[in-house]
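Subject: Structure handover and notes

Dear colleague,

I am passing on the structure below, followed by notes on what turned up when I went through it. Please read them with the coordinates open beside you.

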Amino acid sequence: MNDRVKEIKERCEKATPGPWMFDESLHVAAGFDPIFGWDGAGKTECKESDARFIAHAREDIPYLLARVAELEEFLAGANTGRTKMSDLYSAAYDRAEAVTKERDALRLACSEANDEVCQTLGKALGYPWFKDDQKNFPGADETHGVCVGEHVAETIAEAAAKRIAELEEQCSACEDVAKECIGLRREVAISRNELRDEIDVAAVRIRVLKTWQASAAALLVDMMSACDSGQLQREAQALIDSSGYRKHLETVPK
């Protein structure tokens with residue numbers, strides 16, 4: 001409320017309460033109480049507050065009418081704004097419902113993805129199957145998957161990462177053992193080749209020895225045949241028997 005309106009209100013409150021009326025004689029009264037006018041005796045007295053109210057009415061009423069017009073225009077604009085706000089609110093509400101549906105769909109997708117990750121990693125990590133515990137889960141089959149307990153995707157991924165690290169350590173140890181086995185295999189191969197060489201050398205020596213034995217046996221036989229003395233033959237025979245050449249001669253092909 002501005003100062004002008006306050007002044008108008010003050011003059012209105014100080015004036016005689018209404019409603020005011022007037023007649024053809026231009027008498028103004030509030031009920032039976034005269035405000036202003038003429039009677040047979042002359043002019044009717046008018047209170048100062050009523051006079052001020054009447055004197056300012058010519059300017060106060062147009063001012064108030066202008067203010068009413070401004071306020072009506074403002075209210076019209078406000079109503080238009082309210083309508084726009086209502087439309088914006090409806091649009092925002094529709095958008096909020098759409099966002100809520102999208103959120104629910106994303107939550108469902110995340111839940112399904114979480115279950116899929118848990119089941120995939122749980123099976124890989126060897127978690128127990130529901131179907132294998134018919135006592136606690138009667139009717140469970142392979143479609144129910146494995147029991148991962150309180151795990152979610154993040155925690156079971158950590159367990160899988162830990163298991164992978166353990167397997168990598170085991171693989172590294174196996175690689176070291178494999179390298180040692182390869183080294184031993186090479187050593188065995190070298191030793192086997194060396195042994196084959198030694199066997200070949202021994203075989204050659206045995207063949208040479210057999211050839212020498214055959215030659216020596218033949219020489220002794222010839223010597224025995226060439227001897228005229230029976231004593232020499234007996235000595236040669238004894239030499240052949242003691243040296244084992246007779247047995248060797250029996251194995252020598254004719």
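Helices here are DSSP runs of H or I with at least four residues, strands are runs of E with at least two, and both are numbered from the N terminus. On that basis the chain follows the pattern α-β-β-β-β-α-α-α-α along the sequence, which comprises five helices and four strands. Please keep in mind throughout that this is a predicted model.

Some totals first. Of the 254 residues of the chain, 13% count as buried, and the accessible surface comes to about 20,300 Å², with 59% of that belonging to carbon and sulfur atoms. Among contacts in the chain with a separation of 6 or more, 45% are accounted for by residues 24 or more positions apart.

Helix α2, which covers residues 48-124, has a kink of about 55° centred on A57. Its buried residues are S49, D50, D60, C118 and G122, and just after the helix G126 takes a positive phi of about 85°. The loop between α1 (3-14) and β1 (21-22) holds P19, and the peptide bond leading from G18 to P19 is cis, with omega near 5°. As background to both of these backbone features, most residues other than glycine have a negative phi, and most peptide bonds are trans.

The part I would look at with you is the surroundings of D60. Which residues is D60 in contact with, leaving aside its neighbours within four places in sequence? They are R4, I8 and R11. With R4, D60 forms a salt bridge in which the closest N and O atoms are 3.4 Å apart; this pair links distant parts of the chain, since R4 lies in helix α1 and D60 in helix α2, 56 residues apart. D60 counts as buried because its relative accessible area is 7%, under the 20% cut-off, whereas R4, with a relative accessible area of 28%, is partly exposed. R4, R11 and D60 are linked in a network of salt bridges, and the charged end of R4 also sits over the ring of Y63, 4.4 Å from its centre.

R52 and E48 form a salt bridge with their closest N and O atoms 2.9 Å apart, and both residues lie in α2, four residues apart, about one turn of the helix. R52 is partly exposed at 45% relative accessibility, while E48 is exposed at 55%. In helix α3 (residues 153-226), R163 and E166 are three residues apart, again about one turn of the helix, and their side chains meet in a salt bridge at 3.2 Å, N to O. An α-helix has 3.6 residues a turn, so residues three or four places apart point the same way.

Finally, the aromatic residues. The count of aromatic pairs comes to two, one of them being F130 with F137, which is edge-to-face, with 4.7 Å centre to centre and 80° between the planes. F130 is buried at 18% relative accessibility, and F137 is partly exposed at 33%. The charged end of K131 sits over the ring of W129, 4.9 Å from its centre.

Notes
Residues numbered from 1 in each chain as written. Predicted model: local features only at pLDDT ≥ 70, side-chain atom pairs only at ≥ 80, totals over all residues. Heavy atoms only, no water. Bend = angle between axes of the 7 residues up to and from the residue. Buried < 20%, exposed > 50% of the residue type's maximum accessible area, 1.4 Å probe, protein only. Contact = heavy atoms within 4.5 Å. Phe/Tyr/Trp six-rings, centres within 6.5 Å; stacked < 30°, edge-to-face > 60°. Lys NZ or Arg CZ within 6 Å of the ring centre and 35° of its normal. Areas by Shrake-Rupley, 256 points an atom, 1.4 Å probe, with all protein chains shown as cover. Salt bridge = Lys/Arg side-chain N within 4 Å of Asp/Glu carboxyl O.
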